[in-house]
Amino acid sequence: MRTQVGIIGAGPAGLLLSHLLHLEGISSIIIESRSRDYCETRVRAGLLEQNSVDLLNETGLAERMNKIALPHDGVQFTFDDTYHRIDMTELIGRRVTIYAQQEIVKDIIAVRLRDGGEILFEAEARQVGGIDGDKPFIKFMHEGSEKTIECDYIAGCDGFHGIARDSMPSSVVRGYDRVYPFGWLGMLIAAKPPSHELIYSHHPEGFTLFSMRAPEITRSYLQVPPDDDIKNWSEDRMWSEMRKRLGKHEGLELHEGEIMQASITPMRSYVSEPMRYGRLFLAGDSAHIVPPTGAKGMNLAMADVCVLARALIAKYKLNRNDYMESYSETCLKRVWRAEHFSWWMTTMLHPFYEASPFDLRRQIAELHTVFGSRSGQTLVAENYAGLPIVPWRP
Ligand code: RFL
Ligand code: PHB
């Protein structure tokens with residue numbers, strides 16, 4: 001098999017890249033280890049920055065999103081028995097939108113297949129090679145036999161546990177890592193959320209977040225010990241923790257309903273530098289991970305892909321190498337700012353289990369400093385609604 005750009009992974013990064021390249025007449029093949037059904041139903045991110053929404057609109061991927069997504073003008077916080085609302089529209093003139101990651105994945109798969117795009121599901125990449133020279137290849141298993149894609153460039157969009165990052169020589173790659181001493185228990189609940197906007201709640205016994213997927217579907221998260229087992233969590237315990245941690249605030253009411261899905265995810269920060277080696281480019285979670293408190297992971301994946309699409313289009317259409325040369329540096333500037341914001345939101349909103357009484361009081365003071373001032377709120381709003389992304393066309 002031969003194509004211009006070989007893409008590993010049909011998550012938001014790989015799919016969006018394939019679509020942007022197609023809009024400029026550049027061919028690609030995506031190989032994805034999971035089934036189409038698995039990719040289209042996996043419950044993950046839900047919050048889109050304004051830039052990501054604009055990008056999906058601009059590139060013809062927003063038809064269903066515009067019908068069912070939920071735009072939010074504000075975001076809410078509770079801590080120390082106080083309630084704060086950041087009015088993003090008023091402060092910075094931008095907003096965020098709730099639209100589930102698996103819906104974006106569904107939408108892009110449908111558009112790629114409509115346009116004759118090639119996506120091989122249940123095709124697992126086993127080896128990436130030739131990235132030092134001009135004949136890169138991907139070897140993968142599909143329908144019981146080993147196959148090879150030859151291409152000009154490879155995009156490693158295979159997530160944190162993929163193989164692309166480890167295909168770079170260890171002498172040139174450096175990983176920057178931070179693991180947090182807690183995880184999130186995520187729940188999907190058939191009930192109205194406590195508010196039509198997101199609520200991030202700090203409580204001395206743990207953080208909780210109330211998000212949603214639809215007006216009658218709540219998506220909520222509870223801070224739990226990192227090695228906790230879902231078997232330790234009865235439904236009664238989930239409800240009593242959510243109730244306690246949300247606290248009592250006028251207008252915020254916890255509605256109970258069937259807990260349709262629950263699982264625990266660890267929290268970490270990770271950055272791999274550089275994000276390119278020879279003809280292999282990493283994009284999205286394969287290159288970096290953020291803890292979900294800042295809602296940045298999927299948005300960062302989409303921002304990387306804009307930088308990568310620009311580099312590849314500039315090469316094929318204009319014979320320009322400069323955007324390829326600067327790919328890693330351009331992405332990493334934005335990545336590190338999102339890493340900082342996600343770390344900040346995480347460390348500010350989660351009580352650390354080993355925190356001393358001093359640490360806890362200092363943390364509550366920090367929350368009052370930030371959320372009690374207009375400039376603090378503006379700083380949060382600017383980062384939460386998203387930093388600018390580069391235009392994907394050179
Ligand atoms: P993905 O989505 O992990 O896709 C990678 C794909 O590669 C496939 N793959 C392979 N295919 C072939 N051969 C191999 N050897 C392969 N190895 C792996 C995988 O099967 C998979 O389909 O990475 P991508 O595209 O970079 O997208 C990143 C996002 O998925 C991720 O950052 C977000 O989900 C993070 N995230 C959030 N991001 C946001 O922007 N806003 C949010 O509100 C938000 N909430 C969240 C989140 C992540 C969470 N979890 C579960 C970690 C909430 C949670 C709880
Ligand atoms: C979600 O809706 O899943 C979500 C929203 C905001 C976050 C994390 C997750 O910070």
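Helices (H or I, at least four residues) and strands (E, at least two) are DSSP runs, numbered from the N terminus. The model is predicted: local features need pLDDT of at least 70, side-chain atom pairs count only at pLDDT 80 or more, and totals for chains, interfaces and linings use all residues. Residues are numbered from 1 along each chain as its sequence is written, chains are lettered from A and ligands numbered from 1 in the order in which they are written, and side-chain values use heavy atoms, with hydrogens and water left out.

Start with ligand 2. Its shell holds 13 residues, each with a heavy atom within 4 Å of the ligand. The closest are Tyr-200, Ser-211, Arg-213, Tyr-221 and Pro-292. Two strands, β15 (208-214) and β16 (217-224), each supply at least two residues of this shell. Strand β15 gives the largest share, 3 residues. Domain 1 (5-46 + 100-173 + 274-353) and domain 2 (177-267) each provide at least three residues of the shell. Those domain bounds come from an automatic or database domain assignment.

An oxygen atom of ligand 2 lies 2.6 Å from a side-chain N or O atom of Tyr-221. For Arg-213, a polar side-chain atom is 2.7 Å from an oxygen atom of the ligand. For Tyr-200, that distance is 2.8 Å. On its own, ligand 2 has 280 Å² of accessible area, and the protein covers 96% of it. Such areas come from the Shrake-Rupley method with a 1.4 Å probe.

Next comes ligand 1. It is surrounded by 33 residues, and the closest are Glu-32, Arg-42, Gln-101, Asp-285 and Met-298. By class, the shell has 14 nonpolar, 11 polar and 8 charged residues. Here Ala, Val, Leu, Ile, Met, Phe, Trp, Tyr, Cys and Pro count as nonpolar, Asp, Glu, Lys and Arg as charged, and the others, Gly among them, as polar. Elements α1 (12-23), β9 (123-129) and α8 (297-318) each supply at least two residues of the shell. Helix α8 gives the most, with 4 residues.

Ligand 1 also has polar contacts. The side chain of Arg-44 places an N or O atom 3.0 Å from an oxygen atom of the ligand. At Leu-47, a backbone N or O atom is 3.2 Å from an oxygen atom of ligand 1. At Gly-297, a polar backbone atom is 3.3 Å from a nitrogen atom of the ligand. Taken alone, ligand 1 exposes 1,000 Å², of which the protein buries 89%.

Last, turn to charge pairs. Side chains of opposite charge can pair when their charged atoms come close. The whole structure has 27 salt bridges, each a side-chain nitrogen of Lys or Arg within 4 Å of a carboxyl oxygen of Asp or Glu. One of them joins Asp-107 and Arg-64, at 2.7 Å from N to O. This pair links distant parts of the chain, 43 residues apart: Asp-107 sits in helix α6 (residues 101-114) and Arg-64 in helix α4 (residues 63-68).

How exposed are these partners? Asp-107 counts as buried because its relative accessibility is 11%, under the 20% limit. Arg-64, at 32%, counts as partly exposed, a class that lies between 20% and the 50% above which a residue is exposed.

How values were computed:
A polar contact is a pair of N or O atoms within 3.5 Å; within protein, one must be able to donate a hydrogen and the other to accept it, and residues adjacent in sequence count only if both atoms are side-chain atoms. Buried means under 20% relative accessible area, exposed over 50%, partly exposed in between (1.4 Å probe, protein chains only).
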